[in-house]
Amino acid sequence: MCFGKFETLLNILREDLQKQTTKFRRPIEPEERLAICLRFLATGNSFRSLAFNYRLGEKTVRYIVYETCTAIWNNMKVPTPSEEDWKQIARKYWEKLNFPNCIGALDGKHVVFECPANSGSKYFCYKKTFSIVLLALVDADYRFTLLDIGGLGKNSDSCLFANSVVGKSLAQNKLNIPDDKALPGTEEIMPHVIVLEGLEFMKGGYL
C-alpha cells in the first residue's frame, strides 16, 4: 500500500482508532494501530510475531487487529444499492459494454489462509489449499456493489452463491432489483440479469 492510500484510509478510521490519553499512559496512536492491522492482513504473521516486532503485548496486538478490522468494516462496508442505483448501473453497462439490462458481474476469489484448528476439510479447496471465498458483484466501472466474505473453500460455486448473503437476498427479493424492462429498440420485456463467471453458477438455478 502506498503512503497516499494509507493516509486516506487513516483519515477515514482515525476517529474510531483514536484513544484518550490518561495520566497513566499514552495510547497507541491510530497510525500504528492501522499499520499493525494491515501488516497482519498482508502477511498472516502470528500475533506473537507482531507483538515482538512492535514491542507490544500479544493480547494488545490481538485487540488492535480485531478493533481495527471492525472499524474498517463499519466505515467502508458496501450498502445495498437502491432501485435507482441499479438503473444507473444497467444504463452504464449498456453505454460502455452494449449489454442491456445488466446490473452486475459476479465472481468469487479464493483467499488462501492457514487452516483453522479442528476444522477438518471445510476450507480445503480444489486448488489444494485452504481458503475462504470472497464473492463480489461489480458494476461496469469495476466498483463493488455487493460483497460476501467467508464462504467455505470446499464448496462449489453454486453452493457458495446459494449460501451467501447476496444469493439469499436475491432469492428473497430484498435487493431492490428494478422491474423488468424492454430491451433497447424493442418492445420485448426482459428481466435484469447478472453476468456470472462460470457454468457452475448456472447449475444452481440462479440465471
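I started with strand 2 (residues 131-138) and strand 3 (residues 144-152), which run antiparallel and are joined by 7 bridges. Helices (H or I, at least four residues) and strands (E, at least two) are DSSP runs, numbered from the N terminus. I count two strands as paired if DSSP finds at least two bridges between them. This is a predicted model, so I noted the limits: local features need pLDDT of at least 70, side-chain atom pairs count only at pLDDT 80 or more, and totals for chains, interfaces and linings use all residues. Residues are numbered from 1 along each chain as its sequence is written, and side-chain values use heavy atoms, with hydrogens and water left out.

I looked up the bridge partner of Leu-135 and found Asp-148 in strand 3. The hairpin of these two strands has 5 residues between them, and Tyr-142 there takes a positive phi near 65°.

Next I traced the open sheet: 4 strands in the order 3-2-1-6, with mixed pairing. Strand 3 and strand 6 (193-196) are the edges, each with a single partner strand, so one side of each has no neighbour in the sheet. From one strand to the next, the twist averages 25°.

Strand 1 (residues 102-112) and strand 6 run parallel, joined by 3 bridges. Here I found Leu-106 opposite Leu-196 of strand 6. Helix 5 (residues 83-97) packs on the sheet and touches strand 1, strand 2 and strand 3; contact means heavy atoms within 4.5 Å. The direction of helix 5 makes about 90° with that of strand 1. Axes are lines fitted to C-alpha atoms, for helices over the stretch in contact, and angles run from 0 to 180 degrees between N-to-C directions.

**Two helices**

How do helix 1 (residues 3-17) and helix 2 (residues 30-43) cross? Their axes come within 9 Å and cross at roughly 115°. That makes helix 1 roughly perpendicular to helix 2 (65 to 115 degrees counts as such; under 35 is roughly parallel, over 145 roughly antiparallel, the rest oblique). Among the residues making the contact are Phe-6 and Leu-13 of helix 1 and Leu-34 and Leu-38 of helix 2.

**From the record**

UniProt, in an unreviewed entry, places "domain: DDE Tnp4" at residues 106-178; such annotations may be inferred rather than shown by experiment. Over residues 106-178 I noted 19% helix and 33% strand, with the end C-alpha atoms 18 Å apart.
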